[in-house]
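Please read the following points with the sequence and the model side by side.

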Amino acid sequence: MRILFAFFTAFLLSGTALPAGAEEVPGALPPDAAPPPAATPPPAAPTKQGRLDQLFSELKRERNEKAAERIAGRIWNEWNQSGSASIDLMMQWAQKATEDQKFDVALDFLDQVVTLQPDYAEGWNRRATVHFLMKNYGKSMADIDRTLQLEPRHFGALSGLAQIMAETGHKQSALEAWQKVLAIYPMMRSAQNQVSTLSEELAGEGI
């Protein structure tokens, strides 16, 4: 009733009178009044890709090593989310088998993961890791290649590629892979150390 009274008082003070015989309609606007603005819809929640883009932007700018590690951890959390409870469960089983050095068991689970969800980059990366631990470098590199097709910024896969190149005697290729890691994750200490070491070794070999 207070709102109606206030509205009616303002209506009278404006110098406009209700037409004869017209009834006051609670909440009604004068004929020449503009309609109220439509409610602004709430902003859409960021997508997984949007969250990753933001995190990678922060990772590239960050110059504090510990803060960069926290951002990298959040990126890994995003990568690990497959969107499927069954895939997540198989990834957990594969991880446990890998930790127990039951690599064949881990591969069985990861083969199912990449078959059921071939666009899940972390499935390919995890299988590449198991192949690397088994020294199946060719198979590991094939899975790394697939990982990078799906997520070119996957600094974990690039690190694995660099290690394979180093272990097979391809120091220049290893250096280039580590440099790509640093372009994405400038504060990764292991990548910094490897770039420094390999640069010195290659410079020495060139003398």
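1. The lining of the largest pocket draws at least two residues from each of α4 (85–99), α6 (121–133), α7 (137–150) and α8 (155–167). Helices here are DSSP runs (H or I, at least four residues), numbered from the N terminus. This is a predicted model, in which local features need pLDDT of at least 70 and side-chain atom pairs count only at pLDDT 80 or more, while totals for chains, interfaces and linings use all residues. Residues are numbered from 1 along each chain as its sequence is written, and side-chain values use heavy atoms, with hydrogens and water left out.

2. The largest pocket holds about 290 Å³ of space, and of the 18 residues that line it, N125, T129, G156, G160 and Q163 are the closest to its centre. On a 1 Å grid over the protein atoms alone, where a 1.4 Å probe is fitted, a pocket is an open set of points with protein on both sides within 12 Å along at least five of seven lines, and lining residues have an atom within 4 Å of a point. A volume is the space filled by probe spheres set on the points.

3. The second largest pocket holds about 240 Å³; 14 residues line it, and those closest to its centre are K48, L52, D119, A121 and L150. Two or more lining residues come from each of α2 (48–61), α3 (65–80) and α6, with α2 giving the most, three residues.

4. How do α4 and α6 pack, and at what angle? Their axes lie 12 Å apart at an angle of about 15°, where axes are lines fitted to C-alpha atoms over the stretch in contact and angles run from 0 to 180 degrees between N-to-C directions. The pair therefore counts as roughly parallel, a term for angles under 35 degrees.

5. The contact (heavy atoms within 4.5 Å) is made by M91, Q95 and T98 of α4 together with E122, G123, R126, V130 and L133 of α6.

How values were computed: Angles under 35 degrees count as roughly parallel, over 145 as roughly antiparallel, 65 to 115 as roughly perpendicular and the rest as oblique.
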